[in-house]
Each structure stands twice: as C-alpha cells, then as structure tokens.
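Colleague: Before I take any label at face value, I would like to go through the terms with you and hear what stands behind each of them.

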Amino acid sequence: MLKRLLLTDFLAHESTEIELASGVTVLTGPNNVGKSAVVEALRCLAMNPTPKYFIRHGAKEARVAAELEDGTWVEWVRKPKNAHYRVYRPGAEEAEEYHKLKKGEVPQEVRDLLRLDPVSLETGDSIDVHIGNQREPIFLLNRHGGVVASFFAASTETAHLIEMQKALDRRVKEAKREERRLTGRMAELAGELDALADLPRLRLLTERAEAVEAASQRFERLIPEMERVGEDIARLRDRRAALCQRAEALRPLRRAPELFLARQLAEAMAERERLAEAKRRARVRADALSPLSSPPELFDTRALRRAMAELHRLRTQRADARARADILAEPAPPPAPHPVTEMEAARAEITRLNAQRRRLASRAGALGEPPPPPRPEDPAPLERLLRQVADLEAERKKLAADRDKREAELRRVRGEVEELLAATGACPLCGQEADAAHVLGELAAQEERA
C-alpha cells in the first residue's frame, strides 16, 4: 500500500508531497491545477511510459517517488533521453539503481514492490484494475459481456497463481539475499586469507631473527673475554720485547752484583711462571673461543702507553739497583734462614690452584652455552661458521707457534741461569750451595707469596 507520493518537476508540479490515508484519499479542486497529473504520475511510476513531455518546462528531469508501507521508497526519474529507477530499502546504505531500460520496461523488483500491474486475459487483452483513464467509464462498464466473463473467470484462477507467484518471488528474493550475503562473506574470508598469507614466511623470519639475536647476545657476552685475551697477549708481547731489550742491554756485562743477579733470577723465574700461566690460559681460551671468528685487528695506543710506562719503571728500577749495589758492596752476613721451604711451596701451590679454580669458574660463566647449530635449510650460516672455523684454526696455529717460541726462549733462559749458577758455585750472600732447581723453586715460591 502506498503511504506518500512526491512529485518533483513533473508536469505542473514543481515540488508536491501527498500523504495518502489508510482508506480513501480524494483530491478536489478547479481545473488545470494538476489533479490528473497525480494519476499520470502513478501511471509513470508503474508503467514507465516513453514520452518525455512529463518534464516540467525549464527543468532537466522529472521525478516521481512513492513511499510504501514497509518504509521502502521507489523513485522514477525521467530525463530527455532515458528513464531509470531507484529503490531505497530501510537500513540499506546505498540505493538500488536500474538503468538501460527499454521502452515501457519496468524492473521485476519494482513491479513486485508496487503491485500495480494490469491483469492479462486469455483473449490477449489486459485490464488495468488500479489506474483508470479520465474520459473512460468506470471499470468494465464499457466492455462487452465476453470480456467481463473472461475477466471474472480468470480472476479466481489468477488468485491462486498470484499467490504461487508471490511465494516463488519470496523464495527467489530470499535466495538472492542469501546469495549476496554468502558472496559478501566469501569476499570477507578471501580478504582475511589474503591478509594471513604472509604468516608462514613471517614465522620463519621471526624464528631466524630470534636465533640470530640469541647468537649475537652470546657473542656480546664473549666480547669482554676476547678483549681481555687481546690485552693479555699484547701485555705478554710487550713484556717479551722488554725482556729482549734487557737481555741485549745486559749482554756486554761480565759480572753483575750479587743482589742484582738474585733480582734478575727472581724476575726470570717470575717471567717463566707468567709465561707458563699465559700459555695455559691462551690454550684454554683458544679452546673456548674456537667457535668464534677472529676479531678484527685493533689499532690503539694503550699498549704503547703501557710499554712506555714499563720502560720507565725498568729504568728507574735499574738505577735503584745500581745505587743499592754500590751501597751494599760489602753487606753483613744475613741470618740463617729457617727450613720452611717445603711449607711455603705447598702454600704457594694451594694459592695458585685456588686462583686457577676461580678463573676457570669465571670464564665458564662468561662463556655460557654454545650457540645452536645453524638450520640445515639455510646454508649461509653454516658457510659463515666454516669460514670462522678456518680463521680460528689459523689463529690457533699462530698461537701454537708463538707458544713454541716462548717455550724455547724459556728453555734458553733456564739454561743460561743453570750455567751461571754452575759457574758461581755457592751463593755469595748466605753461603749455601747454588743449586739451579733449589734457587728456581725458591724464587717461584717468593713470587707466589708476592
């Protein structure tokens, strides 16, 4: 049922709104005020006639809109060249538009909403039971008896057909709505699947990033240890160079004072112990750092500053030793030592073992767990690891050669000390026998106590 009718630029109506009553609505007025235009507007809305003289003079298009009882609006728009329909359903965001219509063609959706179609008879005629012409008699009064009988005979059968058609139309509409809903849902699911298409690749990249981050964190924890190893190596090299310079400086001397000889022996033994400990630590560190790649070569001035400080200290110590040797040219005999050599040696060994245990525990905590092996599907980390292993193997060989050189130097110094003690015989200070093993052991014990 129609509830409201809007006419815009239609014949004599510029903008007219008619609200229809629930029963009978009567339009009255003088001639040529637009009463017949309202009936013609309903005919245009229901049948889409072809003439274009419905457009009001001076306007570009004519509009006829009707509001139905369910809130749906049906609008007919007539332009000079064509006409089209718009359907505004309650709750819909956009209107349903129907364009490219043939002459007198009305979309089936619009016909189902308006229900103003004429009734077709078996004779081929059609009777408009909704809209009558102005100059014709009342419905069926001007028709002959056969047409009237055919109409009433068809009306009883048509009622069932109409009901069946309505039921079919409802099912078709429901099926179309369900199809549109399912199509929209499929589009939404397709969009969601497209959005989730990169999840496997992102998960793989995340796992690789986590593995790389864990490896980088382990490497960062090992960096301080590597720096300490580099500093120890630089310090040992500087110490060795200083010893070589000292040996070259002392080579022209024939006989040094006894006190200076004892100090030199003590320093030689201390250097021997330090080199042995450095060799052991270098071996342990080389084994611990074997999975790592070799660090880049560092160029800093800290080693040079340490070497200059050590050279200044040695020069000062040599001057003090010479002055002390001049003062103690004829020293008084020292008191007899107590036989505590074995106890001191045992205590020094215990102290050394405790220090070694603490250092090993600290290094074990710093190194932590080894990095996990690279994933087999990605050969790049494995290739980098192989290159790192090759670099570390070369570094290990280099350290081993350096260690052999230092051991040879230690053996040479020990031989010179033994030869010097064998030539001297007894100690000029305490009068005891100058045995190389005894002197070296005593100096080592003094170094450990210091």
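Modeller: Let me begin with burial: a residue is buried when its relative accessible area is under 20%, exposed when it is over 50%, and partly exposed in between, using a 1.4 Å probe and protein chains only. What you see is a predicted model, in which local features need pLDDT of at least 70 and side-chain atom pairs count only at pLDDT 80 or more, while totals for chains, interfaces and linings use all residues. Residues are numbered from 1 along each chain as its sequence is written, and side-chain values use heavy atoms, with hydrogens and water left out.

Colleague: Why is Arg239 called buried?

Modeller: The relative accessible area of Arg239 is 12%, and because the limit for burial is under 20%, the label applies.

Colleague: What makes Glu271 and Arg239 a salt bridge?

Modeller: The term asks for a side-chain nitrogen of Lys or Arg within 4 Å of a carboxyl oxygen of Asp or Glu, and the N to O distance between these two side chains is 3.0 Å, so the pair qualifies. Glu271 lies in helix H5 (residues 258-288) and Arg239 in helix H4 (residues 199-250), so the bridge ties together parts that are 32 residues apart in sequence. Glu271 counts as buried too, at 3% relative accessibility. By this rule, the count for the model comes to 26 salt bridges.

Colleague: How do you know where a helix or a strand begins and ends?

Modeller: Helix H7, for instance, covers residues 341-367 and holds both Arg352 and Glu349, which are 3 residues apart, about one turn of the helix. Their closest N and O atoms are 2.3 Å apart, and they form a salt bridge. Arg352 counts as partly exposed at 26% relative accessibility, and Glu349 is partly exposed at 35%.

Colleague: Which residues do salt bridges with shared partners join into one network?

Modeller: That network consists of Glu61, Arg63, Glu75, Arg86 and Glu97. Within it, the side chains of Arg63 and Glu75 meet at 2.9 Å, N to O. Arg63 lies in strand E3 and Glu75 in strand E4, so this pair ties together parts that are 12 residues apart in sequence. Arg63, with a relative accessible area of 24%, is partly exposed, whereas Glu75, at 10%, is buried.

Colleague: What makes strand E2 and strand E6 the edge strands?

Modeller: Two strands pair if DSSP finds at least two bridges between them. The open sheet has 6 strands in the order E2-E1-E3-E4-E5-E6, with antiparallel pairing, and strand E2 (13-19) and strand E6 (96-98) each pair on one side only. Strand E1 (residues 2-10) and strand E3 (residues 62-68), for their part, pair over 6 bridges in the antiparallel sense, and Leu7 stands opposite Val64 in E3.

Colleague: How is helix H1 placed relative to E1?

Modeller: Helix H1 (residues 35-47) lies across E1, E2, E3, strand E4 (73-78) and strand E5 (83-88), and runs at about 100 degrees to E1. Such angles run from 0 to 180 degrees between N-to-C directions, the axes being lines fitted to C-alpha atoms, for helices over the stretch in contact.

Colleague: Which members of the largest nonpolar core touch the most other members?

Modeller: A nonpolar core is a set of buried Ala, Val, Leu, Ile, Met, Phe, Trp, Tyr and Cys residues joined through side-chain atoms within 4.5 Å. The largest has 30 residues, and Phe10 and Trp76 touch the most other members. H1 gives the most to this core, with 7 residues. Contact means heavy atoms within 4.5 Å, and Phe10, leaving aside its neighbours within four places in sequence, is in contact with residues including Ala37, Ala41, Cys44, Val64 and Trp76.

Colleague: Is Leu68 buried or exposed?

Modeller: Leu68, whose place is in strand E3, has 5% relative accessibility and therefore counts as buried. Although Leu68 and Leu2 are 66 residues apart in sequence, their C-alpha atoms are 4.7 Å apart in space.

Colleague: And why is Lys100 called exposed?

Modeller: Its relative accessible area is 84%, and the label needs over 50%, so Lys100 is exposed. Lys100 lies in the loop between E6 and helix H2 (108-114), and its phi is near 55 degrees, a positive value in a residue other than glycine.

Conventions
Helices (H or I, at least four residues) and strands (E, at least two) are DSSP runs, numbered from the N terminus.
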